[in-house]
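Visitor: Hi! I'm new to this one, could you walk me through it?
Guide: Happy to, let's have a look together.

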Amino acid sequence: MSDSSRELTPRTKWFICVALLIVAGGIRVGVAHYLPNDGPGDGRVYAQIARNVLEQHVYSHADEPPYEPSLIRLPGYPLFLASIYAVFGHTNNGAVRIVQALVDMATCALVALLAFYWQPDAKRKFATAVAALVLAGVCPFTMIYAATILTEVPTTFLAVAMAVAATIAFQKGDSVTSVSPWLILSKNRLTTEAQRAQRKELKRLLVWWCIAGFLAGLAVLLRPDSGLFAAAIGLTLVAPTIWRAMASAARHRFRQSHKARQSQIDPQLRNAATPAGQPPWGPQPLPARSITRTFAAGAVFSLAFVLVLVPWTIRNARVFHLFQPLAPAHGEMPGEFVPRGYEMWLRTWLDDEVYIGPFLWSLDSESIDFDDIPSKAFDSEDEKNRVAALFEKYNNPPDTESANGAEEQKAEPSPTPESKAGNEGDQAGKHEQTEESEPADESDQPTEPESVEMTPDLDAGFGQIARERLTRHPIRYYLWLPIKRAGTMWFNTHSQYWPWDGELFPLDDLDYDSHQQYWLPLFAGLTLIYTLLGLAGGWVLWRSRKSEAHRWLLLVALTIFLRLAFFSTIENPEPRYVVEFFPFLTTLGGVFIGRVIPTASVPVAPSQE
């Protein structure tokens, strides 16, 4: 019986793919239009920079004059916004969302293409691509970012695009085996057809590595942590070559030592030659052309990557007189104070996103309630008292205390404490007037950003406590806490920016008005399903006998674990930092589904009689 996928005409295959893409794009456009979200503070910063570029002709995040130059955000996403604002209006975030929906639709197409390339069984490639396209099209974890003014959509697109480019480059490299890569620079006339073909393949190889490096550079201009995607590709390129070279050299030395020992027993074996094509103790050392080819590919990839970052680096050197090829790790301007000691203290215990808002994002803008700190943040009662004293100073700076004391003295004639903040000029003292004035008094009070401050002295105190905790429990700091952070980032509902955003547990806290009791269990279940599909797809690649499939498994493993390991070491383990993993899990899921679905179940074209 012939394979059913062969009965599908190319036109039918294209029709299926285009139809699925249109559906995926329609879903995303609907989400972008009906569920817009302007909540993220980062989005407002990006939008302000984009408007300043268009209106003030300066790259600045300031919202009022003077518009001083800035470097707190990389220019990729602000320039992306500026290009859309220039066409559709300077405040038209609706147009941005529609464009992002189309970009995310293109990401679905790239996921299908990547799954097509990664499927080891040539007969199942189309079914694999269709399965991956369906999984990507209905994935709720990525589509919601089309409705937000954040970098996730273009970053995910470029991450998958560079994986596709690297995959093609790896495949091109497998066909370049008989000539040196330096042949492309040779001016000598090539006399044989084989040499001309090899030179053409070599050019294509280097072009694809250049494209991959260029895409990696663009991704870094959007988010600096996208360099981890580039690192995964670079390690996938270099590691197998180094491993094969070391293994081949070791086998060669073992074979030579074995022959030496045999020659001592039988002198006739001293000059014995190894049979051609059948070395008894493994292959000869790795040919130099393989190492040179890897070096050339890595050099082109790195050069293209670096060249994309050169203009931004030169701009920062000229404007700020410092070497800054990326953005500062904490988004600070030069000379701005960063509470690194306090952040280090957070890293000694913070292992869940629920603590990020109250203890990190509210810093220097709101008071922090000491009673909200969990007991795991303290190793002893003495340490708890020290932390309490630091937060007491943070919540009540000396300047604020003296100012409050002066206000109390001025407000002494007032008969009620509620009126002391803003009723100094009230002479009537009537009860009705006091009740009416209380809401206005509360709104007239100074806001909390003026009354809380993380000073360098307080930061040093938190840093000292953090170092003591690290000295007592280094394994907790370097191993257990990162593992917990990785788990909380991965096994999350990933419902951020949906109307039912929230935590699944405790169940008693679910918001029934937004139907969290239905949506959050569904999203948690989908997270588990995509994770299991990704593992199953990795198992299919591992079980394959093709070295190419093992290379794709190495690439996706490095892509996921390098990024997950990095974000598990920081003090703000937000689940949105792992949303870029879902396209790769979808790709692996497509590989698995395409492998297990019987070929007879693939739709066939109607027979002609």
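Guide: Let's begin with a term: on a 1 Å grid over the protein atoms alone, a cavity is a set of points where a 1.4 Å probe fits but cannot get out, and lining residues have an atom within 4 Å of a point. Grid points are joined across faces, edges and corners, and a volume is the space filled by probe spheres set on the points. This is a predicted model, where local features need pLDDT of at least 70, side-chain atom pairs count only at pLDDT 80 or more, and totals for chains, interfaces and linings use all residues. Residues are numbered from 1 along each chain as its sequence is written, and side-chain values use heavy atoms, with hydrogens and water left out.

Visitor: How many cavities of 30 Å³ or more are there?
Guide: The count is three. The largest cavity has a volume of about 80 Å³.

Visitor: Which helix gives the most to the lining of that largest cavity?
Guide: Helix 4 does, with four residues. Helix 4 (93-118) and helix 20 (582-596) each supply at least two lining residues. Among the lining residues are Arg28, Asp104, Cys108 and Phe582.

Visitor: And how many helices and strands does the chain have?
Guide: There are 20 helices and zero strands. Both are DSSP runs numbered from the N terminus: helices are H or I with at least four residues, strands E with at least two.

Visitor: Switching topic, where are the cis peptide bonds?
Guide: One joins Pro65 and Pro66, with omega about -5 degrees. Pro66 sits in the loop between helix 2 (41-55) and helix 3 (76-88). Another joins Phe505 and Pro506, with omega about 0 degrees, and Pro506 is in the loop between helix 17 and helix 18 (516-543).

Visitor: What about Tyr497, which loop is that in?
Guide: Tyr497 is also in the loop between helix 17 and helix 18. Its phi is near 75 degrees, a positive value in a residue other than glycine.

Visitor: Is Tyr497 buried or exposed?
Guide: Tyr497 counts as buried because its relative accessibility is 18%. Buried means under 20% relative accessible area, exposed over 50%, and partly exposed in between (1.4 Å probe, protein chains only).

Visitor: And His321, buried or exposed?
Guide: His321 is exposed, with a relative accessible area of 70%. Phi of His321 is near 60 degrees, again a positive value in a residue other than glycine. His321 lies in the loop between helix 10 (288-320) and helix 11 (340-347).

Note on methods
1 Å grid on protein atoms, 1.4 Å probe; cavity = no way out; pocket = protein on both sides within 12 Å on 5 of 7 lines; lining within 4 Å.
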